[in-house]
Protein chains: 2
Amino acid sequence: MAETSIDSLKAVLAQKRASAEAQGQAIRFLKASGASPSEVESTLNSLKAMKVEVEVLSKELNSRVSENGGGNRDAFRQGVVNALERRLFYIPSFKIYRGVAGLYDYGPPGCAVKSNVLGFWREHFVLVENMLEVDCPCVTPEVVLKASGHVDKFTDLMVKDEKTGTCYRADHLLKDFCKDKLEKDLTLPEEKAMEYKRVMATLDDLSAKELGSKLKEYGIVAPDTKNPLSDPYPFNLMFATSIGPSGLSPGYMRPETAQGIFVNFKDLYYYNGNKLPFAAAQIGQAFRNEISPRQGLLRVREFTLAEIEHFVDPDDKSHPKFKDVSNLEFFMYPRDEQKEAKPFKKLQLGDAVKKVPVPLMVLLIRTGGVQSSKCVGIINNETLGYFMGRTYLFMTSLGIDKERLRFRQHMANEMAHYAADCWDAEIESSYGWIECVGIADRSAYDLRAHTEKSGVQLVAQEKFAEPREVEKLVITPSKKEVGLVFKGNQKKVIEALEVMKEAEAMEVKANLEAKGEVEFFVCTLGQSVTLTKNMVSISKEKKKEHQKVFTPSVIEPSFGIGRIIYCLFEHSFYTRPNKAGDEQCNVFKFPPLVAPIKCTVFPLIQKPEYEEVAKLISKALTRARISHKIDITGTSIGKRYARTDELGVPFAITVDSSNSVTVRERDSKDQVRVSVDEVAAVVKDVTDGDSTWADILSRYPLHSSSSSDE
Amino acid sequence: MAETSIDSLKAVLAQKRASAEAQGQAIRFLKASGASPSEVESTLNSLKAMKVEVEVLSKELNSRVSENGGGNRDAFRQGVVNALERRLFYIPSFKIYRGVAGLYDYGPPGCAVKSNVLGFWREHFVLVENMLEVDCPCVTPEVVLKASGHVDKFTDLMVKDEKTGTCYRADHLLKDFCKDKLEKDLTLPEEKAMEYKRVMATLDDLSAKELGSKLKEYGIVAPDTKNPLSDPYPFNLMFATSIGPSGLSPGYMRPETAQGIFVNFKDLYYYNGNKLPFAAAQIGQAFRNEISPRQGLLRVREFTLAEIEHFVDPDDKSHPKFKDVSNLEFFMYPRDEQKEAKPFKKLQLGDAVKKVPVPLMVLLIRTGGVQSSKCVGIINNETLGYFMGRTYLFMTSLGIDKERLRFRQHMANEMAHYAADCWDAEIESSYGWIECVGIADRSAYDLRAHTEKSGVQLVAQEKFAEPREVEKLVITPSKKEVGLVFKGNQKKVIEALEVMKEAEAMEVKANLEAKGEVEFFVCTLGQSVTLTKNMVSISKEKKKEHQKVFTPSVIEPSFGIGRIIYCLFEHSFYTRPNKAGDEQCNVFKFPPLVAPIKCTVFPLIQKPEYEEVAKLISKALTRARISHKIDITGTSIGKRYARTDELGVPFAITVDSSNSVTVRERDSKDQVRVSVDEVAAVVKDVTDGDSTWADILSRYPLHSSSSSDE
């Protein structure tokens, strides 16, 4: 029954999505073909209505799907989180002072896992790709974050309890109200229910004004006090501070590490021998002063980011090493599949990047009217694809389940206006699909913004082997003539003239030459003006160019390290009965690469000779740089295994004689017998990845003891 | 001439120091023997005067010493800093926006060095000692830093230009004024000169009021505008922010990482099986909002700390692995040598920790009256000594010159009142001796402060094998009787009674029993009161104790990573002429452990076969996880060597045939010939430290080519 209704929902949703997408394509086509603003707007309005319907249906579908097994998910998560907190993978920060929402410490095993993940990231990306790693401060002056747009736009909408001043996220209150009504009000008329669902589905798109009027309409008050609420207003999510003692130099704790790289572009480009492409990377803390953090370890106020900014010539986004990853096959969720509510699917990376010829009409729609190439692949370019492949390898090497990892393409309306393409690596967890890595082609946006604000040209030069003859569009408005006619609007008209694209400029030129005047739409004025011939000269000139000077495009893979680690914990966790069968034991099946401790050393029983051997082995492990723990307590060996299984320690050495010891593998519980002299080297071999456990099994005699694993 | 006057200065200084120290000892003895406050104070005043004289002389001596070769030092530093900035070891942060004082980025090679230093720190301390590493947020709520004392005391004195609001460090202005007068005013009377010197020597000890009146007296105004200045007031050096949106939860960016460990003591102790000793460690960013940063890379507003908190039973500070370091010999500068203006000296660690019997009188003086043991070593305890030894090994493995590294003991008046002993690892640089690591026995101060503020007991329990009979002092004041007589002072009298030490309490008891009343000094009232017998009962009771509950002592080695790295750069830098002899080339002689890149790969000439071989070797190096750089530009081989020498790359592989290549060592410029198949393994061997360059020289044929290093 539940299944049928989910299937029918899917069908309806697919249909609605298809029409919304068609409408969206129509708008892009209208814009590209120069339709009038009013025409565009009316089409836009009907698209908006369609999108609301799609959102309502898709949220409904999602909630239906997650109801199936939702209870299990919560119980599973509770099991993981309990194990993580008991074994100090995490500690709520400043716990003895009752903590601070959204701040967590990594305790010893968590810290070791984090350090392993970052070490592997550095090896897998920085070392292998010869990236230029930098390390910039967290404290950032306002001017930098003004240029990047964070000062003005990095906000959430907030309301305040008018009497106590307590703050709430406006969308949370509205969502909670609707959810509560839908769940608890059994007499709710169908029409009203539909309305609440619609509100919940469109929460992200509501303006401050729209949100405020909804809160008023529903009579929503402060949940704790029932006091009236303020109007919603934007709250900037950056932690503000002041640099130096004067109070006159505002600064913020950086919300991302990327800006530190962008402002250093010039030096890094020089360091790279003034050659493109190259990538810079940074690992570091980032800060977001969330209004009211929810979702436990996934939404925190301070977290570690690992970001790459790969700078390329916008005309050549090929990647020399793409062939190394082109055979990889993994789950992708391209735009088209999402539109049609189809499931995500396994694709070969090479196929997804391959450019296929596309009819011009479709092409114009796909690219939003910019005719950049006659061939388009699902993934915009090789470099983007290369990083998707490398990210897939990174995640799966850590132990992320490849069946619960997908790359979801951003819908056109999801992306920033300047982005050429964007794919999120999402990991399925008990909270649903979680964005853990964003891989975006941000075009030239960031470097241009900092060039403009700082006055320093963040550009690349490419010398041509031979000078090239190029035809350049030259638009020269006459300030005097324009000023005489348009007075105060002079500047806006001149700016609009100067930014004309070639097609439009040639049309204006033709009209002016034919008729002596032309109607010209100035978008900053919101109206058309009449141009006459003396106001502007338009021509094409041939020039010899010796080099091209351009702002590089940047492709940015940005890794939320804390989220990846949390998902890794969920994917690694399982329980199994103890030998007596009366208890469930927790296991984290970390690969040796990320395991917080690689190996434990236990004397089987408390006996001085065994302890001596254990200490000898411990020294050999230290020399081999294998992190390990020696446990000489008298606890039963079964309990000691259970403890280390819950820490995810892959191997345990048990000393039961003076010459040889056993090595136990965590998941299979298989044990082999190895001589004392060899054991450190064996463990090193298998933790470094030079041998597999299967190799070890074939090389050493299996040990089976009834007493070993009770 | 200069030498003679330095020597005579040294002799006078030694004499003055000895008398000041004797005076200080007298005060401690007076306090310990219960002298009256007025008696103590008058002795204190004369000590203060002596200390001023000592400081004046010692600063004079220091400046004389640094004048010898001061110019060379500046030129040397300029050479190092130029190389560091040109090769992007450092970049002034946000340079395109004209930067922010006291903030620097690590560029690619600097970042690689930092990452190597931190990796080695983690291996050398965390892994080898099985420390519990944690990772806490930088954002810290006020309550934590209130408890630690930072909110109230982490300040510098500041003055403001009364018209423009520009801020200055008050002591900087006073110092600059005096220095200027001394250097430029040739008619300065001797008496006035002495006064300025005295002021400069005592800058650190001046109160806000004293500083203010000096500024007024000298007519010091704002240097840029000549406007009048405000009175000095304390400016807190923490970056302030606000947690959450309400503006009601003040927070700060942590000024050190240690507090994150202290607040987690309870969980960490549990994690360690409720056993002492254990050490926790943390690497992370710390922040200090300096009023006006000077001293370039040594005094910055954001920096990386690596801190260890080793928790021990205060009654047993022995260390099981002390014997591993006890034979080390290195420079120490004990308190006694400093007092007597003797030079620092090489001591064997074992000898410095060895406890020697000390006459009781001297002992009481040394320990400030606490009779903790009848034997005292130069270094207070084995654990402190162990960390000094491990720190020495850490620093010298990085490449810090052991002849320019010393451990300086804090003078009694330099240490916090709660500290038992403290040694700074100081490195000699062009700025003089720089404190880079502080190794302090902080006793129970921090855990007690957080216990008090949070109400959570941060204590350890030790169960006795057998219950022990102990005699306990029991002081029971009668609230009623005390209140009747002392009214509003009731609380202060009762508190004073309760904190009496055993000797004092038994004396009070004896007097009360003999005379029925006793004069009792209440320090919080600043006066004595008359106690009668009914006001307090004092007794000794025998109890059986099954365990002891105590606040652990903490021994804290705290590493300023940025300072160590900067000093390492200075110690690694040298210049040598190029082959033509017409130019000086820069070299950083980093050991492979810290070198930003381990190896370069060059085709000798531009030739496709050689490039192919170079790429093959590059792949093999990547597989072996050796960071390297391949340079296929046509630049002359000599220039390419010079470039990599300036980056401190220890080895260069030059491809001059298809079968074998040469490997060049940076400092000797020796080259050996190695087959293409073997070369990656050879480089790995020597960079991992498994072989020395001498081993390689003996294993492979020397290559001598006239063309190689021009």
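In the predicted model, A:Asp204 is placed in the loop that joins α8 (190-202) to α9 (208-217) of chain A; helices (H or I, at least four residues) are DSSP runs numbered from the N terminus. A:Asp204 counts as exposed because its relative accessibility is 69%, where exposed means over 50% relative accessible area, buried under 20%, and partly exposed in between (1.4 Å probe, protein chains only). On the surface, A:Asp204 gathers with A:Glu55, A:Asp205 and A:Glu210 in a patch of negative charge. Such patches are made of residues with over 30% relative accessible area and no salt bridge, like charges being joined within 9 Å. A salt bridge is a side-chain nitrogen of Lys or Arg within 4 Å of a carboxyl oxygen of Asp or Glu.

A patch of positive charge on the surface is formed by A:Lys323, B:Lys615, B:Lys619 and B:Arg623. Within this group, B:Lys615 belongs to helix α21 (residues 608-623) of chain B and, at 42% relative accessibility, counts as partly exposed.

Over all chains, 0 disulfides were counted, a disulfide being a pair of cysteine sulfur atoms within 2.5 Å. The cysteine sulfur closest to that of A:Cys136 is in B:Cys111, and at 8.4 Å it is too far for a bond. A:Cys136 is buried, with a relative accessible area of 4%, and B:Cys178 is buried at 0%.

Residues are numbered from 1 along each chain as its sequence is written, and chains are lettered from A in the order in which they are written. For this predicted model, local features need pLDDT of at least 70 and side-chain atom pairs count only at pLDDT 80 or more, while totals for chains, interfaces and linings use all residues; side-chain values use heavy atoms, without hydrogens and water.

Key:
Patch = residues over 30% accessible without salt bridge, like charges linked within 9 Å, V, L, I, M, F, W, Y side chains within 5 Å. Areas by Shrake-Rupley, 256 points an atom, 1.4 Å probe, with all protein chains shown as cover. Lys, Arg positive; Asp, Glu negative; His and termini not counted. Charge placed at Lys NZ, Arg CZ, Asp CG, Glu CD. Helix = DSSP H or I, 4+ residues; strand = E, 2+ residues; numbered from the N terminus.
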